[in-house]
Amino acid sequence: MKSVIKISLGVIFTLILLVVVAILALNFFIDADQYKKTIRTIVKDNTGLTLDIDGPLELSFFPALGFSANKLTVTTPKEEKLVLVEYAQVEVELFPLLSNELKVTALNVEGAEVNLVKDKKGVPNWQIETTKPQNKPASKTTPIETPEQDSNITSNTEKNTTELNISAVSLKNITLNYQDQQKSQTFNLKNLNVSASNIANSQFFPIKISFSSSGNKPDFKLDEKVRTDFLFDLKQQRFELKGLSLSSQGQLTAEKKPFVINLDVSAEKIELASQAQQINIKNLTLSDKQLTAKSNISLTNFIKPTVKGDIALSVDNLPDWLLGLGINYKPANPDALNKLTFNSQINGDAGNIVLDKLNLTAGEFKLDGKVTLANIVKQPRYEFDLKGNDLVVDHFTPAASSATNSSASTAKPEKNAPTKTSTQVKTVDNTPILPVDTLRQLNLKGKLHLNSLTQQKTKLEDVNLSINANNGKIQLSPVTAKTLGGTINKTVAIDVTKKTPMINVTAKANNINVHQALMNYADLNALTGAANLTGQFSTKGNTKTQLIQSLNGQANFAIANGELTQTNVDKILCKAIAKVRKEKVSKKDWGTSTPFKDMSGQIIIRNGVVDNQKLIAKLEQLNIDGYGTVNLLTESLDYRLGLTITGTQSDAGEEACQINKRYANIRWPIRCQGAFSDKELCGIDQEKIGEIAASQVKSELERKIDKKLEEKPELKPVGDLLKRFLD
């Protein structure tokens with residue numbers, strides 16, 4: 001028995017020795033170059049491509065299976081160079097293959113160039129065409145695998161899964177050129193270098209990647225560097241990046257505006273678990289010189305995904321950062337956007353994404369609340385419920401520039417133009433107000449509360465608004481606020497579905513400070529008091545000038561306890577009476593205003609011109625009525641007032657205009673005419689005062705005739721004749 005064992009072992013050892021000797025002989029005595037033609041034929045028959053190896057080809061069989069080749073070229077059937085490789089090497093250890101383990105000792109590629117082209121018909125040059133016959137379809141009698149068979153196959157597959165083990169991978173100086181002739185689009189990747197070592201299942205190994213890329217549509221040029229530790233588990237289908245760092249530097253040109261890219265990306269961990277259908281991203285950070293963004297995200301269930309996480313964004317000096325993107329935006333207040341921060345939690349699924357516990361800070365302005373992106377799949381819609389502190393809109397509007405000043409300039413009156421009135425547009429402002437393109441795409445619904453909102457010198461407090469926007473139609477209803485000592489309640493409808501935006505407003509205001517309102521919106525210092533107003537207005541356009549030119553509507557108003565700030569009614573009335581009496585006014589220390597108890601009326605606006613045909617005001621000893629127009633576009637007015645004395649005499653304290661009750665019911669005419677900026681808008685209506693003077697002369701003559709007739713009744717026929725003559 002011992003002899004048999006010895007003989008058997010001797011035979012086995014001899015066979016092994018012969019195999020080793022044979023493999024060594026293959027390494028030393030076989031000329032690999034003689035197989036170049038064979039390899040070329042195999043590639044040609046199976047791919048339609050031509051593989052030429054112009055340099056030496058080396059094969060090894062022991063202790064590792066491998067080959068190395070120099071100057072490889074792959075050519076398409078149209079004789080286009082698809083791939084060029086200076087040097088390629090692959091080595092696989094022999095004995096680990098016997099235990100179903102792929103152990104690669106070397107994988108090196110140097111100086112490779114890949115040229116991918118889509119022609120004008122959209123056909124790619126890398127498309128493989130073979131003449132190899134296709135496998136025949138399975139016959140109808142092919143047995144159907146049972147679940148038990150599937151289970152066995154899966155089990156065997158898992159058992160037979162090849163263990164991957166690569167000592168080192170090195171790709172040096174790789175170039176990729178891509179061209180799409182249909183779209184005139186190009187992409188180039190140059191100087192690609194990849195290095196990795198100790199690559200194996202279920203263990204981290206380092207990877208370093210660097211390359212330069214460029215292309216058009218859009219034009220860009222970037223240098224990229226990536227470094228991370230990578231883990232893969234083929235059995236569990238799990239992949240993980242640890243300690244990721246990416247650096248990207250270069251330039252991108254969009255809409256003919258170049259901007260610099262200097263971006264760093266890092267992550268503590270990025271994990272993909274295919275079987276568990278989960279992606280986890282921990283401490284992902286994106287930053288450049290002024291911007292920093294951080295996020296933690298967890299996504300589960302790839303079919304019906306749910307997401308949970310948080311995001312934090314911080315930008316130092318937003319205008320400078322935008323300038324790097326080619327956007328020239330400078331706010332009126334340089335400090336308004338010196339620091340911008342955004343923080344929020346993220347929750348959602350395939351249908352809805354919720355930004356909860358949202359916090360936005362821009363300078364001194366803060367905004368908190370909740371934003372939802374709803375109905376993502378069918379028709380995305382934004383919903384929000386936000387609360388903010390004090391928003392000064394004027395701080396965030398673009399700062400005035402020379403271009404803006406030229407388009408929003410004051411028109412100079414002609415030399416021969418009238419000094420009192422003007423038909424010229426006072427201010428032409430063609431700066432767009434509404435972001436029409438954005439509003440047309442807007443689909444949102446929400447509520448907003450602000451402690452205060454300040455715009456164009458007007459401060460609104462306790463501001464509440466609800467908005468509903470869809471398909472270019474925006475409804476703000478209601479909008480409520482406290483302002484100018486009172487309250488406002490209005491609805492606003494904006495329609496941007498057509499070329500010219502349309503705006504409709506319904507407003508109700510109570511106890512509004514008239515003086516401050518006129519100064520804020522028209523720079524008109526003419527009136528004070530507390531006003532109540534109800535009205536409906538409509539306009540169209542997208543510039544201040546267009547909106548004023550197209551303004552139409554009507555309103556009813558009432559003003560209590562007010563004052564005509566630039567008009568002294570006593571002075572004007574006294575001068576009118578003195579003129580009728582043909583006397584001179586000696587008083588000089590007249591005041592500059594006139595108080596009144598209440599004023600009411602109705603205004604109708606037609607194309608920017610305010611028309612009031614019935615104004616009623618009550619003073620202490622006077623009643624005022626009036627009618628006229630105010631032109632908002634030319635910032636001028638032409639208004640006629642009538643003063644009727646209600647007392648027994650005027651209270652001017654001037655002898656020239658001391659009158660008796662005979663003048664009490666006379667309507668004394670005043671005309672307010674000129675530009676808003678004029679210091680004295682109102683004076684005696686010269687056209688009407690002559691009529692009053694003539695009327696007073698007639699009344700005085702009639703009085704004298706009546707007095708004479710009382711003394712001499714026999715002259716009555718003559719007196720009647722004189723009265724008819726006066727008529």
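The model is predicted, so local features need pLDDT of at least 70 and side-chain atom pairs count only at pLDDT 80 or more, whereas totals for chains, interfaces and linings use all residues. Residues are numbered from 1 along each chain as its sequence is written, and side-chain values use heavy atoms, with hydrogens and water left out.

Display the whole protein chain. Its secondary structure comprises 13 helices and 33 strands (DSSP runs numbered from the N terminus: helices are H or I of at least four residues, strands E of at least two). Of its 727 residues, 33% count as buried (under 20% relative accessible area; exposed is over 50% and partly exposed in between, with a 1.4 Å probe and protein chains only).

Select strand β28, residues 594–606, and centre on S600 within it. S600 has 29% relative accessibility and therefore counts as partly exposed. Beyond its neighbours within four places in sequence, S600 is in contact (heavy atoms within 4.5 Å) with F557, A558, K614, L615 and I616.

With 5% relative accessibility, N612 counts as buried. Show Q602 as well: the N612 side chain reaches the backbone oxygen of Q602 at 2.6 Å.

Note on methods:
Polar contact = N/O pair within 3.5 Å; in protein donor to acceptor, adjacent residues only side chain to side chain.
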